Amino acid sequence: MKKIILILTIALFVNYANAQKIDSKDLPASVSGAFAKLYPAIKDVKWERENGNFEANFDLNKVETSAIFDPVGNLLETESEIKVSDLPKNTTDYVTKTYPGVKIKEASKIKDAKGKITFEAAWKGMEVIFDEKGNFLKEHKEPIANQKD
């Protein structure tokens, strides 16, 4: 029982340490200014501090979107939700073959600061990243505390 409590405590701490909600008034001016310049019409933003960077979560034209900025206001990447059916075919073929019985719950298109596109397929406890053509790049298992249904 003590081990379970310890594991849960560590998982919660890791979750808290990796992603902390932050009020927009507590953002560095460089970050809030960069966001406002890129997305002047967006007013409803939820901010998190993650691994030293700042993540803005918002809806852009009715699409769930996030933008990650470094502390000086450089845009590092944007991630936009897409339909699972919009993933490259190689992506869904890979998931079906590698993770039998799994159904992709969420899909995203990610664009880094240099314009490189990747795709993410996600389901409970797992995120798998693919290149622009749908070729597997890496997988990331989420800590238990972060898992969504």
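How many salt bridges does the structure hold? The structure holds one (a side-chain nitrogen of Lys or Arg within 4 Å of a carboxyl oxygen of Asp or Glu). This is a predicted model: local features need pLDDT of at least 70, side-chain atom pairs need pLDDT 80 or more, and totals for chains, interfaces and linings use all residues. Residues are numbered from 1 along each chain as its sequence is written, and side-chain values use heavy atoms, without hydrogens and water.

**Overall build**
- The chain has three helices and nine strands, taken as DSSP runs (helices H or I, at least four residues; strands E, at least two) numbered from the N terminus.
- From the N terminus, the order is α-β-α-β-β-β-β-α-β-β-β-β.
- Buried residues make up 32% of the 149 residues; buried means under 20% relative accessible area, exposed over 50%, and partly exposed in between (1.4 Å probe, protein chains only).

**The salt bridge**
- Asp93 pairs with Lys89, and their closest N and O atoms are 2.9 Å apart.
- Both residues lie in helix α3 (residues 89–98), four residues apart, about one turn of the helix.
- An α-helix has 3.6 residues a turn, so residues three or four places apart point the same way.
- Asp93 is partly exposed at 37% relative accessibility, and Lys89 is exposed at 59%.

**Helix α2**
- Val31, Ala34 and Phe35 are buried in helix α2 (residues 29–38).
- They lie on the same side of α2, because they cover an arc of only 100 degrees around the axis (taken from the directions from the helix axis to the C-beta atoms).
- The face turned away from that buried side carries exposed Ala29 and Lys37.
- The buried residues of α2 pack against β2 (46–50), β3 (53–60) and β4 (63–69); contact means heavy atoms within 4.5 Å.

**Aromatic pairs**
- Rings of Phe, Tyr and Trp (its six-membered ring) pair if their centres lie within 6.5 Å; planes under 30 degrees apart are stacked, over 60 edge-to-face, and the rest tilted.
- The count comes to eleven aromatic pairs.
- Tyr94 and Phe130 form an edge-to-face pair, 5.6 Å centre to centre with 75 degrees between the planes.
- That pair links helix α3 to strand β8 (residues 126–131), across 36 residues.
- Tyr94 is partly exposed at 25%, whereas Phe130 is buried at 0%.
- Tyr99 and Trp123 also pair edge-to-face, with centres 5.0 Å apart and planes at 65 degrees.
- Tyr99 lies in the loop between α3 and β6 (106–112) and Trp123 in strand β7 (residues 117–123), so the pair ties together parts 24 residues apart in sequence.
- Both Tyr99 and Trp123 are buried.
- Ring pairs also link Phe35, Tyr39, Trp47, Phe58 and Phe69 into a cluster.
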